[in-house]
Amino acid sequence: MTSHFQYSFQFLLLISITLLFTTITTTIAQSAPPPGPPGPTNITKILEKASQFTTLIRLFAITKVGDQINTQLNNSKQGMTVFAPTDNAFSSLSVGTLNSLSDQQKDELVQFHVIPTFISTSQFQTLSNPLRTQAGDSTSYNFPLNITTSGNQVNLTTGVVNATVANAIYTDGSLAVYQVDKVLLPMSLFGPQPPAAAPAPEPLKDKKKKSGDEDTTATGDGKASANSVGRIGLRRDLHGLTRGSIAIIIMFYL
């Protein structure tokens with residue numbers, strides 16, 4: 001009897017402890033605050049998580065382009081697209097390439113890798129060239145960027161280098177980050193200089209003026225010649241008149 005009572009007591013105690021634990025767990029779960037909204041998008045953290053983008057991260061910090069991207073993403077609905085060259089891509093550049101650039105040129109180089117709109121992988125086939133980047137003017141000899149596709153392959157052409165999109169590092173409908181195998185070198189910084197403009201033709205007014213001067217000179221010379229001829233003729237008439245008068249006087253006295 002005593003043994004049966006002990007078993008019953010232990011069973012009731014176990015049930016009570018279980019119920020108490022369940023109640024406490026439920027109360028804690030209900031009182032815990034709901035998870036907050038996701039933090040603001042940060043391009044630097046995305047590249048750090050993907051690794052192999054140390055040089056690009058450093059350039060984002062030096063030029064402040066990273067902060068600009070974060071600010072624009074969190075204050076605009078247009079979205080953005082970043083073409084991210086790997087550290088190996090930067091290493092393949094000629095020695096001293098980056099160090100030879102001024103601060104403004106470094107900024108333009110980095111901005112050339114940023115598109116001010118979100119581009120999904122399916123949109124690459126329908127884009128219009130040249131694509132406008134954050135660097136500005138997309139005309140020849142400035143910052144043109146052309147995109148072509150062949151099947152699933154996406155190629156980028158700057159007029160200086162041809163690069164390929166390797167894969168998508170990150171995409172959330174607002175920001176798309178694509179890994180590229182080469183640094184995108186813009187024409188404005190690394191391409192040939194535009195041909196010199198042809199000299200302007202001589203204004204037509206000057207030619208007319210010169211022709212007028214020549215006509216005036218010719219007219220002046222004609223008048224001078226006419227005056228000279230007139231004076232010579234007058235002298236001849238006076239000389240003939242004088243000779244005739246003398247002859248008449250001599251005949252009168254004779």
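Predicted model: local features only at pLDDT ≥ 70, side-chain atom pairs only at ≥ 80, totals over all residues.
**Exercise 1. Overall layout**

Work out how many helices and strands the protein chain has, and in what order they run.

Solution. Start with the count: the secondary structure comes to eight helices and six strands. Next, walk along from the N terminus, and the elements read α-α-α-α-β-α-α-β-β-β-β-β-α-α. Now for the contacts. Take those between residues at least 6 apart in sequence, and 63% of them join residues at least 24 apart. Finish with burial and surface: buried residues make up 29% of the 254 residues, and the chain exposes about 17,500 Å², with carbon and sulfur atoms supplying 58% of that area.

**Exercise 2. The buried side of α4**

Find the buried residues of helix α4 (residues 65–75) and say where they sit around the axis.

Solution. First, pick out the buried residues of α4: they are Val65, Gly66, Ile69, Asn70 and Leu73. Second, look down the axis. These residues cover an arc of only 140 degrees, so they lie on the same side of α4. Third, ask what lies over them. The cover includes the helices α2 (43–50), α3 and α6 (103–111), along with the strands β1 (80–85), β2 (114–115) and β6 (175–180).

**Exercise 3. A loop residue**

Decide whether Thr133 is buried or exposed, and list what it touches.

Solution. Begin by placing it: Thr133 sits in the loop between β2 and β3 (146–150). Then check the accessibility. Buried means under 20% relative accessible area; Thr133 is at 2%, so it counts as buried. Last, collect its partners, skipping neighbours within four places in sequence. That leaves Thr133 in contact with Gln111, Phe112, Val114, Ile115, Pro116 and Leu145.

**Exercise 4. The largest pocket**

Describe the largest pocket: what is its volume, and which residues and elements line it?

Solution. Step one is the volume, about 180 Å³. Step two is the lining, which has 13 residues; Arg58, Gly96, Thr97, Leu98 and Asn99 are the closest to the pocket's centre. Step three is to sort the lining by element. Two or more residues each come from α3 (54–63) and α5 (87–91), and α3 gives the largest share, three residues.

How values were computed
Residues numbered from 1 in each chain as written. Heavy atoms only, no water. 1 Å grid on protein atoms, 1.4 Å probe; cavity = no way out; pocket = protein on both sides within 12 Å on 5 of 7 lines; lining within 4 Å. Points joined across faces, edges and corners; volume = space filled by probe spheres on them. Helix = DSSP H or I, 4+ residues; strand = E, 2+ residues; numbered from the N terminus. Buried < 20%, exposed > 50% of the residue type's maximum accessible area, 1.4 Å probe, protein only. Arc of directions from axis to C-beta. Contact = heavy atoms within 4.5 Å. Areas by Shrake-Rupley, 256 points an atom, 1.4 Å probe, with all protein chains shown as cover.
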